[in-house]
Amino acid sequence: MTRALVNIPKQAKRGETIEIKTLLSHPMETGYRRDTMGRAVPRDIINRFVCTYNGVEVFRADLFPAIAANPFLTFYTVATESGELKLSWTGDDGETRTETATITVA
Amino acid sequence: MSLFGAPRVRTRGIMALAVVATAAGATAPIMSAEIPPGERRSGYEFMSPETRAMQDDDSANPGTFWVLDGETLWSQKAGEANRACADCHGDARDSMKGVAARYPAFYAARSRPIDLEQRINICRTEKQKAPALAAESKELLALTAFVGRQSRGMPITISGDRLIEFLEAGRSLFHRRQGQLNLSCSQCHDDNWGKVLAGNTIPQAHPTGYPIYRLEWQGLGSLQRRLRNCMIGMRAEPYEFGAPEQVALELYLMWRARGLKMETPGVRP
Amino acid sequence: MTRLPPMTATRRQFLIVAGGAGLAPLLTPAPAGATADSMAAAIREVVGEATVSEGKVKLELPPLIENGNAVPLTVSVESPMTDADHVKAIHLFNEKNPQPNVASFHLGPRAGRPKISTRIRLADSQKVIAIAQMSDGSFWSDSVDVVVTLAACLEDSPP
């Protein structure tokens, strides 16, 4: 099961900069490894991560095979208003996995 | 008096082992010195601050994924008996507290010690009437990680008269020279811990965090996998998963680490 | 963290990645030459004909890398992060992995703090470079030389 661990404060002061920590379970198969028969193991990585804040993109990452397995990514965003933060990871297979969190901004 | 004295363990049997070991030490100078109790350190203390931070923060520790999977499996009905672990054991936070810290444990029905993986599979096959989980399978690792997590912070405790002969077997294996390099575990981990070998500091080899997320594996693995890894590195024939030598070594290593706190799921280079 | 010796006033202070021009002092030529060139090409794809200056960016990697499979990295940039003056993107490159790109992070004034942490793979001892793209079109960079060794006891049997 592809799991995601997301660490976002539940509340913040308006204008405060908050840290978002993310960890996704994913092998990030580089495509450069060989199996015991000598065949190349096909590439299978998360190649894009997007964070939207009430629908507006506030952070985006293009990822390459050099990102370690079980990708760990932390970044910051300004707490502008209460609402929903949506985090999406997209793999080489085109599938997107999403986590959402609500934040209360006073 | 005893080289191996520990406050919690006072059985006659363990003192007997101490006498045997002291005598062995006197008559067999090839036996390396045990690490004095006051100098024992978990592998955690030999890691960089960054790797330690990765272990300490559940939301940065990939081992957490296996713990969460184990939590899900705990409540899943399985086998012909259609039972979940939770049906017999209730909330693991209560029932499994301290369990991993005292494994391997003596299992009377087999007259030998078994490790946690074997214990889980006994439940699987006998109580749930489900097939055993394969060694290093995602499910078995998830369950051992979940059960192990319930012992985090608790001191390792191995005790019991009936374990003596197996402890001695484990200790001899630990001290036995083997493989193309003719090295024993003890030569690195008793005699040369703290020194640097190929860019990594040699730890004392205490199994405080198992199953661990090993950066080298890019995944979670058991103590038996790690022991096989060591033996391959030493150019020795590794023991098969579940072999009696593996369990004897696990038992000895846990006993050697007694008193140190469990860290499951640990992160190690 | 290993840092490059400071450039002296007589040497070029910036990296020129003009088409066909020789590599600037920032890039030390690798023995085989191939991967340093592909890193330069990857940088050129992002930066175009612009100059990249050293400064404003701080790239942090551990001085001793315990395992090249998971190397903690933090990159941060000095910037007020206002609408008028902010970091648009931070690009990471490496010299000796099979591919020169590591990641590209796209920010904006809503980022608040232009600081990102992740874990990367490094196949060998090499240089890692971070280039920040500012809202005014300028590019700034930092680089770190790291030492990566193989684990002492590998799992796979030797060939």
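**Exercise 1. Identify the bridge partner of Val75(C) in E7(C), and describe how E7(C) is placed.**

Solution. The model is a predicted one.

Step 1. Val75(C) has Ile116(C) as its bridge partner in E7(C).

Step 2. Strand E4 of chain C, residues 71-77, is joined to E7(C) by six bridges, and the two run antiparallel.

Step 3. E7(C) also pairs with a strand of another chain: E6(A) and E7(C) are linked by two bridges in the antiparallel sense. Within E7(C), Ser117(C) stands opposite Thr74(A).

Step 4. Strand E7 of chain C covers residues 115-120, and five of its six residues are buried, so the strand is largely enclosed by the rest of the structure.

**Exercise 2. Describe the contact between chain A and chain C, and state which strand of chain A gives the most to it.**

Solution. 

Step 1. The contact involves 20 residues of chain A and 24 residues of chain C.

Step 2. On the chain A side, strand E5 (56-63) and strand E6 (72-78) each supply at least two residues. E6(A) gives the most, with seven residues.

Step 3. Sorted by class, this side of chain A holds 15 nonpolar, three polar and two charged residues.

Step 4. Strand pairing also links the two chains through E5(A), which pairs with strand E6 of chain C (residues 101-106) in the antiparallel sense over four bridges. There, Asp62(A) stands opposite Ser104(C).

**Exercise 3. Determine whether H3(B) and H7(B) are roughly parallel or roughly perpendicular, and list the residues that meet.**

Solution. 

Step 1. The axes of helix H3 (residues 63-74) and helix H7 (residues 138-149) of chain B are 7 Å apart, and the packing angle is about 95°.

Step 2. An angle of 65 to 115 degrees counts as roughly perpendicular; H3(B) and H7(B) are therefore roughly perpendicular to each other.

Step 3. From H3(B), the residues that meet H7(B) are Gly63(B), Trp66(B), Val67(B), Asp69(B), Gly70(B), Glu71(B), Leu73(B) and Trp74(B). From H7(B), they are Glu139(B), Leu141(B), Ala142(B), Leu143(B), Ala145(B), Phe146(B) and Arg149(B). The residues of this contact comprise nine nonpolar, two polar and four charged.

Step 4. H3(B) has twelve residues and spans 17 Å from its first C-alpha to its last, close to the 16 Å expected at 1.5 Å a residue.

Step 5. Buried residues of H3(B) include Phe65(B), Trp66(B) and Val67(B). The buried residues of this helix pack against H7, E5, E6 and E7 of chain B, together with strand E1 (4-7) of chain A.

**Exercise 4. Characterise chain B as a whole and its contact with chain A.**

Solution. 

Step 1. Chain B contains eleven helices and seven strands. Of its 269 residues, 41% are buried.

Step 2. Among contacts in chain B with a separation of 6 or more, 72% are between residues 24 or more positions apart.

Step 3. Eight residues of chain B are in contact with ten residues of chain A. The chain B side divides into four nonpolar, three polar and one charged.

How values were computed:
Residues are numbered from 1 along each chain as its sequence is written. Chains are lettered from A and ligands numbered from 1 in the order in which they are written. This is a predicted model: local features need pLDDT of at least 70, side-chain atom pairs count only at pLDDT 80 or more; totals for chains, interfaces and linings use all residues. Axes are lines fitted to C-alpha atoms, for helices over the stretch in contact, and angles run from 0 to 180 degrees between N-to-C directions. Angles under 35 degrees count as roughly parallel, over 145 as roughly antiparallel, 65 to 115 as roughly perpendicular and the rest as oblique. Two residues are in contact if their C-beta atoms, placed from the backbone, lie within 7 Å. Ala, Val, Leu, Ile, Met, Phe, Trp, Tyr, Cys and Pro count as nonpolar, Asp, Glu, Lys and Arg as charged, and the others, Gly among them, as polar. Two strands pair if DSSP finds at least two bridges between them. A residue is buried if 20 or more other C-beta atoms lie within 10 Å of its own, exposed if 12 or fewer, and partly exposed in between; C-beta atoms are placed from the backbone. The expected span of a helix is 1.5 Å times one less than its number of residues.
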